[in-house]
Structure formats: C-alpha cells, structure tokens
Amino acid sequence: MNISKKNKELEGLKIKNHILETIFEDASECIVVVDAEGYILMLSQTYANFLGITPQEAIGKHVTEVIENTRLHIVVKTGEREVGQIQRIGGNDAVTMRIPIIENGKVFGAIGKVMYKDVREVEVLCKQLEAAKRDLDLCKEQLKKVTDDHSSLDKIIGNSKKIKELKYLVTKIAKTDSTVLITGESGTGKEVFANTINNMSNRKNNNFIKVNCAAIPENILESELFGYVEGAFTGAKRNGKIGKFEMADHGTIFLDEIGDMGLEMQAKILRVLQEKEIERIGGNITKKIDVRIIAATNQNLQEKMQSGKFREDLFYRLNVVSLELPPLREIPEDIPVLCEHFLKNYNTEFGIYIEKINNEAMQYLQKYSWPGNVRELKNTIERVYNFVTESTIKAEHLPKEIINSHKFTNNNKGSLDKAIMELEMQKILDALKSSGGNKSKAAKLLGINRAGLYQKLKKYNINY
C-alpha cells in the first residue's frame with residue numbers, strides 16, 4: 001500500500017471518529033461502546049449523567065466496573081444480540097439492548113443502549129398507547145355509525161322536497177325510543193322507512209320483529225304477539241311459546257297494517273304501550289318488556305275512529321311521531337331516480353344490462369297515476385326485463401295501461417267534459433289495478449254494475 005493511500009485511509013478514519021464522537025457528545029440517549037474485550041471505548045454524556053460520572057472516568061475501564069449488571073462483555077463473546085432486556089441500574093429497572101459489532105464474521109466490540117431508564121416508563125407508554133387505541137376505536141365506532149346511518153338513509157330513494165323532509169325527520173327520531181306511526185297508501189315504502197329507523201337507532205343490534213297484522217287471523221294474532229303457556233288451549237305446544245313482543249325485548253317491533261287489527265286486540269296493544277308489560281295466553285304472570293313500537297297502516301285511522309272501528313286512545317298512543325308518506329303520483333320527479341335504482345338492481349339480479357329509459361318512455365312513466373305506488377313501479381320495471389331485447393327501455397316496452405292512460409290525457413285537453421272523461425278513465429284504471437284485473441271487484445269499487453263497467457271499458461278502449 002502506498003503512503004498516499006494509507007494517509008487517505010487514516011484521514012477517513014479520523015473523520016469517522018470525529019463524527020462518532022460528535023454524535024456521542026450530542027446524543028440525548030444512553031449509549032456505550034466496548035471493544036472485543038469489554039473495555040469502554042465511548043460513553044454518551046446522557047449515559048454518564050444517568051450513572052453519575054463523566055465520560056472520561058469511564059473510558060478505558062472494563063464495562064463491568066462502570067455499569068452494574070451489564071452483559072456487554074458476554075455479548076462480545078457470544079456474538080448474540082440481546083434486545084428488550086431488563087437491567088437493574090442505579091436502583092431502576094431499565095430496558096436495554098446490546099448489539100455486537102461484527103465484520104467479516106469477527107466480533108470487534110458491542111454497542112449498549114438504554115431504551116428506557118425505568119421500566120415504569122414502558123408502563124406509562126403502554127397506558128398511553130392503550131388510551132390512544134381506545135380513542136381510535138371510539139373514532140372508528142363513531143365513523144362507522146355515521147357511515148351506517150348514511151348507508152341506511154340511502155335506502156330511501158328520492159330527491160323530491162317531500163322525501164328530503166321525511167329523511168330529515170327519520171334522522172331526528174331514529175335515536176329516540178318514541179313510538180312511530182307511518183301512514184301512506186299501499187306500496188309507498190312504509191316498511192323501508194321502518195327498517196331505516198331501526199337501522200339508525202340505538203336498538204339496531206337487538207331484535208327487529210315484523211308482524212303483518214292483516215295477514216294473521218284475529219284468533220291467532222294474540223298468541224303470535226303475546227305467546228302462550230303450556231296447556232293454554234287445545235293444540236298448544238309443550239312448554240308454551242314465546243310471543244313477538246318478548247322476542248323484541250330491548251329491540252323494536254314493527255306492527256304493519258295495524259289499521260286491520262280488531263278492537264279487542266287494540267285494547268291489548270294499548271295496555272302494552274301504557275304498562276310496558278305483557279302476559280302470555282293462559283298465564284297469570286306479567287313480564288316487563290322494553291320494546292319500541294313502529295306501526296304502519298294504509299288506512300285512514302281518523303275515519304276509522306269516527307266509525308268506531310279504531311280506538312281513539314290507541315291512536316294517540318301510536319301517533320307520538322307520525323310520518324305521512326306521499327303517493328308516487330305526488331312526487332313524479334322521483335320516478336327517474338327510482339328507475340335508475342331499480343335498473344341497477346335488476347341488471348345485477350338478472351344479468352341483463354339495460355342502460356337507460358328513453359325520454360318518451362320516461363314521460364309515460366311520470367304521467368301515469370301509479371295506484372300501486374313505488375311497488376307498482378318496481379314491478380313494472382321488472383316486467384320490462386322479461387321482454388326487452390336491447391339496452392334501452394322504450395315506450396313500446398311499457399304495459400298498455402300506462403300508454404293508454406297517457407295517450408288519453410294528451411288527446412283530451414281543453415273542455416270540462418273531456419276533463420271529466422279523463423278523470424273517469426283514470427278511476428277505472430285505478431280500480432282495475434287495485435282489484436288485480438277482477439272486473440266484478442273493480443265495478444264494486446267504482447259503485448257501478450259489471451255491465452256498466454264493460455260499457456266504459458269499450459268507450460275508452462281500455463283492454464285490461
């Protein structure tokens with residue numbers, strides 16, 4: 001090796017040593033370096049302060065003479081690193097690490113570092129981390145609630161003023177335990193609103209029990225709602241049966257079509273609302289329950305009260321918070337949004353891609369009166385999927401009653417007579433729709449005989 005090269009190496013070594021010394025002088029951590037025999041080469045000022053000495057007092061001494069309970073002299077022999085070890089130093093349980101300095105397979109020394117001067121620092125840090133984790137979990141939970149709430153609210157489709165007002169009311173009442181009465185024509189989405197209220201409520205993780213009061217015979221409804229004890233009646237199950245109200249304890253029960261409930265059962269529902277307790281059929285033990293009630297009906301309960309078919313006291317117990325859903329004919333601006341939603345769902349369900357509904361077809365849909373409301377619109381779109389062979393729904397794909405209704409409306413503008421004829425035709429179409437196409441039932445709904453209905457069908461060229 002020539003002298004010039006050797007001088008450069010020595011100069012480089014001096015620079016490295018100077019850098020290392022500077023680091024040690026300014027180090028805010030407890031660091032020590034020993035040679036292959038365990039003698040101290042360097043000691044940071046912070047470590048010296050911790051030991052109560054100066055760095056100069058330590059350099060040149062064996063590490064065991066300066067740092068109690070050290071294992072650096074062992075690490076230089078084994079060549080094995082030791083990390084996160086507890087070491088008693090100056091009356092404190094410090095957390096340390098020891099790393100061997102190895103080059104070309106040979107140990108030249110070791111570096112020791114005090115990670116924490118007192119193990120209690122680790123405990124404090126752990127507690128801080130646990131607190132931070134709890135805060136993070138809380139933030140995540142709150143974010144999830146907000147996300148879930150928005151996701152639930154998105155199931156109510158529509159941008160009309162009325163629907164936006166209803167969505168706002170849902171966000172306000174969902175977090176309370178108040179009883180809710182949802183009214184609206186058949187097919188307006190009362191169950192969708194009930195589901196959304198429950199999903200946004202504090203009870204969403206408990207049972208949500210749905211009961212269609214119109215679908216269960218009156219003599220069976222009581223046992224369904226309140227349950228029964230063993231031997232309560234002939235055919236009763238052994239050990240009895242739990243009722244829907246008990247199943248909904250700490251949750252929510254949805255009483256759909258409550259307007260069809262008989263007066264005797266209404267009195268028992270009133271007792272549940274007043275006393276917050278139920279009693280199984282055949283039993284004599286009352287049980288306290290914590291249930292939120294959401295009721296719904298497509299009937300005019302005010303009229304039923306006046307005719308004595310619905311209890312006034314029950315009505316006011318149910319009508320704490322009321323949501324009146326508009327029929328689809330009152331919010332035609334929501335029809336394009338609803339159609340887009342149904343297209344998206346049916347594209348996935350049927351594996352058939354329909355891109356859009358053209359302007360002419362949409363005009364027909366928005367002018368139609370929709371006696372079956374959103375449910376009828378949904379069924380209409382589903383029906384189209386069975387016949388359409390292209391990616392756009394056109395007027396020719398729509399049911400004839402929708403086309404005929406729109407054509408008649410457009411061709412009869414102006415006179416009072418024509419306006420009356422238009423209204424009459426629409427009433428006939430609504431009656432046919434409500435009766436499922438049954439001419440006798442439709443005639444009865446219209447207050448005319450069957451023969452008279454056929455004459456009007458012929459007059460207006462209605463083929464249903």
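This is a predicted model: local features need pLDDT of at least 70, side-chain atom pairs count only at pLDDT 80 or more; totals for chains, interfaces and linings use all residues.
Modeller: Residues are numbered from 1 along each chain as its sequence is written, and side-chain values use heavy atoms, with hydrogens and water left out.

Biologist: Why is asparagine 69 called partly exposed?

Modeller: Buried means under 20% relative accessible area, exposed over 50%, and partly exposed in between (1.4 Å probe, protein chains only); asparagine 69 has 48% relative accessibility, so it counts as partly exposed. Asparagine 69 lies in the loop between helix 4 (63-66) and helix 5 (72-78), where helices (H or I, at least four residues) and strands (E, at least two) are DSSP runs, numbered from the N terminus. The phi of asparagine 69 is near 60°, a positive value in a residue other than glycine.

Biologist: Is asparagine 373 buried or exposed, and how do you know?

Modeller: Asparagine 373 has a relative accessible area of 0% and is therefore buried. Asparagine 373 is found in helix 16 (residues 373-385), and has a positive phi of about 60° although it is not a glycine.

Biologist: What makes helix 9 roughly parallel to helix 11?

Modeller: Helix 9 (residues 218-226) and helix 11 (residues 263-275) pack at an angle of about 15°, with their axes 11 Å apart. Angles under 35 degrees count as roughly parallel, over 145 as roughly antiparallel, 65 to 115 as roughly perpendicular and the rest as oblique, so helix 9 is roughly parallel to helix 11. The axes are lines fitted to C-alpha atoms, for helices over the stretch in contact, and angles run from 0 to 180 degrees between N-to-C directions.

Biologist: Which residues of helix 9 and helix 11 meet?

Modeller: With contact meaning heavy atoms within 4.5 Å, Glu218, Leu221, Glu222, Leu225 and Phe226 in helix 9 meet Met265, Lys268, Ile269 and Val272 in helix 11. The residues of this contact divide into 6 nonpolar, no polar and 3 charged.

Biologist: How do you know that strand 3 and strand 4 pair?

Modeller: Two strands pair if DSSP finds at least two bridges between them, and 7 bridges join strand 3 (residues 82-89) to strand 4 (residues 92-103), which run antiparallel. Strand 3 and strand 4 form a hairpin with 2 residues between them, and glycine 90 in the turn has a positive phi of about 55°.

Notes
Ala, Val, Leu, Ile, Met, Phe, Trp, Tyr, Cys and Pro count as nonpolar, Asp, Glu, Lys and Arg as charged, and the others, Gly among them, as polar.
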